[in-house]
Amino acid sequence: MRGRRRAARRLLGVAMLCGALALSACTAPSARLGPGEQRIAGGVTAGIYYGYGEHFAAELRGELGLDIAVDETHGSVDNLQRVGAGEALLGFAQGDTAADAVAGSGDFDEPQAIRAVARVYDEYVHVVVPADSPIRRVSELAGHRVSLGAPNSGVQVIASRVLEASEVPADAIENPALGLAASIQALRAGEIAGFFWVGGLPTPGLADLAAESPIRLLPIEAGTVERVNAGHAGVYRVSDFPVGVYGVEAPSATMTVPNLLVTRASAPEELVHDITRVLFERRTELASRIAAAEYLDRRQAIFTGPIALHPGAARYYREAHR
């Protein structure tokens, strides 16, 4: 009799354990992260980061029940700092700036605890001037008022490197340090001779500008890209702006840099696995709202070096490869 009671108690214990595990498995991702809305560190509202983050957040809310929204930020440096500090669950960042973050160099005083979710698309370095500007080369920007991007942005990082490789001293440029929207407004008003921007194609704010007033994109030649790469992990590539984008009538050489979706190293593995799955399963829906999502490719997404993949993302790619 006592043996039967002990067996019954054991069965009850197993049932209670299974019930607890099932309840844990059904717990919403936001609950596993603790109370409060989660954030995606986006970028300026006129750029691609913000729109990508906004639509991806909507997919995560619908597919995972995750309480998450996008924040407007200054860009890559700001995003990486927010993710590293635990202020954002996800963020978009340029690959070169992310390399600085994990190394604790450049704009980062110490290494940031970040991991990659995916390489989402490549960004193009834009050096924008009015179509009728006499300036034809980056080296001719010396002596002019040119915005190199907002403070704490990856744009400033790249602009400084391109100018250095083009032998333009930092003090030869008057830099008002404007974000994209403010740069566009200043160019329209004739307050600056040009500005730098780094983003996917087409960047919405620039497409609107080009539709209103003709612009030209200064070339960044292969030799300049090689000089930039010499001291910066070789992450940059030579490319061309496609004919037709922003009204460009002929191919224009430029430099590209991979763009990453990153998360904090301490993010739960199961959650990051599910976030990565949603990113690819909802690619078509994302691409219908944000053109850059068309470039999302699972075969290329794993090439995030020198940023290691988060274990949850790595597990997704292994499973998807089978």
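Contact means heavy atoms within 4.5 Å. Helices (H or I, at least four residues) and strands (E, at least two) are DSSP runs, numbered from the N terminus. The model is predicted: local features need pLDDT of at least 70, side-chain atom pairs count only at pLDDT 80 or more, and totals for chains, interfaces and linings use all residues. Residues are numbered from 1 along each chain as its sequence is written, and side-chain values use heavy atoms, with hydrogens and water left out.

**Exercise 1.** Describe the packing of α3 on α10.

*Solution.*
- Locate the helices: α3 covers residues 48-64 and α10 residues 269-281.
- List the contact. Tyr52, Phe56, Glu59, Leu60, Glu63 and Leu64 of α3 meet Asp274, Ile275, Arg277, Val278 and Leu279 of α10.
- Sort these residues: 7 are nonpolar, none polar and 4 charged. Here Ala, Val, Leu, Ile, Met, Phe, Trp, Tyr, Cys and Pro count as nonpolar, Asp, Glu, Lys and Arg as charged, and the others, Gly among them, as polar.
- Take the geometry. The angle is about 115°, and the axes lie 10 Å apart. Axes are lines fitted to C-alpha atoms, for helices over the stretch in contact, and angles run from 0 to 180 degrees between N-to-C directions.
- Classify: α3 and α10 are therefore roughly perpendicular (65 to 115 degrees).

**Exercise 2.** Which residues touch the most other members of the largest nonpolar core?

*Solution.*
- Define the core: buried (under 20% relative accessible area, 1.4 Å probe, protein chains only) Ala, Val, Leu, Ile, Met, Phe, Trp, Tyr and Cys residues, joined through side-chain atoms within 4.5 Å.
- Pick from its 48 residues: Leu141, Phe195, Phe196, Leu206 and Met255.
- Find the main supplier: α6 gives the most, with 6 residues.
- Inspect Leu206. Leaving out residues up to four places away in sequence, Leu206 touches His126, Val128, Leu180, Ile184, Phe195, Trp197 and Tyr246.

Technical notes
Buried means under 20% relative accessible area, exposed over 50%, partly exposed in between (1.4 Å probe, protein chains only). Angles under 35 degrees count as roughly parallel, over 145 as roughly antiparallel, 65 to 115 as roughly perpendicular and the rest as oblique.
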